[in-house]
Amino acid sequence: MSERIAFSPDEAAHRASVGRTLIFSEIKAGRLKAYKAGARTLVTDEALRAWISSLPMRSTASEAA
């Protein structure tokens with residue numbers, strides 16, 4: 001069985017542990033690459049991973065001091 005390479009925005013949100021509103025906002029802003037197949041919007045696994053990697057790293061308490 002092969003791994004899926006593309007997901008609906010709802011599935012992408014679930015995989016990234018974020019809300020669907022954030023996914024659609026990021027697509028609209030151009031920060032998350034998405035593709036259209038007819039009426040469907042698809043987010044590739046590669047695009048989702050690249051988007052997550054582009055997010056800022058969370059600072060630790062020791063770094064903030």
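Modeller: Start with handedness. A crossing is right-handed if the near helix is turned clockwise from the far one by less than a right angle, and left-handed if anticlockwise. Keep in mind that this is a predicted model.

Colleague: Which hand does the crossing of α1 and α2 have?

Modeller: The α1 and α2 crossing is right-handed. Contact there involves Pro 9, Asp 10, Ala 12 and Ala 13 on the α1 side. From α2 come Arg 20, Ile 23 and Phe 24.

Colleague: How many nonpolar, polar and charged residues does that contact have?

Modeller: The α1 contact with α2 has 5 nonpolar and 2 charged residues, and no polar ones.

Colleague: At what angle do α1 and α2 pack?

Modeller: About 110°, with the axes of the two helices 8 Å apart. Helix α1 spans residues 9-16, and α2 spans residues 20-29. Angles of 65 to 115 degrees count as roughly perpendicular. So α1 is roughly perpendicular to α2.

Colleague: Now the charges. How should I read a salt bridge?

Modeller: The general idea first. Side chains of opposite charge can pair when their charged atoms come close. The cut-off is a Lys or Arg side-chain nitrogen within 4 Å of an Asp or Glu carboxyl oxygen.

Colleague: How many salt bridges does that rule give?

Modeller: The count is 5 salt bridges.

Colleague: Which residue of α2 pairs with Asp 10?

Modeller: Arg 20 does, at 2.6 Å from N to O. This pair joins distant parts of the chain, with Asp 10 in α1 and Arg 20 in α2, 10 residues apart.

Colleague: Which residue does Glu 11 meet in a salt bridge?

Modeller: Glu 11 meets Arg 4, with an N to O distance of 2.8 Å. Glu 11 is partly exposed, at 28% relative accessible area. Arg 4 is partly exposed as well, at 46%.

Colleague: And what is the partner of Arg 31?

Modeller: Glu 26, with the closest N and O atoms 2.8 Å apart. Compare the two ends. Arg 31 is exposed, because its relative accessible area of 53% is over 50%. Glu 26 counts as buried, because its 8% is under 20%.

Colleague: Which residues are linked in a network?

Modeller: Arg 15, Asp 45 and Arg 49 are linked by salt bridges in a network.

Note on methods: Residues are numbered from 1 along each chain as its sequence is written. This is a predicted model: local features need pLDDT of at least 70, side-chain atom pairs count only at pLDDT 80 or more; totals for chains, interfaces and linings use all residues. Side-chain values use heavy atoms; hydrogens and water are left out. Axes are lines fitted to C-alpha atoms, for helices over the stretch in contact, and angles run from 0 to 180 degrees between N-to-C directions. Helices (H or I, at least four residues) and strands (E, at least two) are DSSP runs, numbered from the N terminus. Angles under 35 degrees count as roughly parallel, over 145 as roughly antiparallel, 65 to 115 as roughly perpendicular and the rest as oblique. Contact means heavy atoms within 4.5 Å. Ala, Val, Leu, Ile, Met, Phe, Trp, Tyr, Cys and Pro count as nonpolar, Asp, Glu, Lys and Arg as charged, and the others, Gly among them, as polar. Buried means under 20% relative accessible area, exposed over 50%, partly exposed in between (1.4 Å probe, protein chains only).
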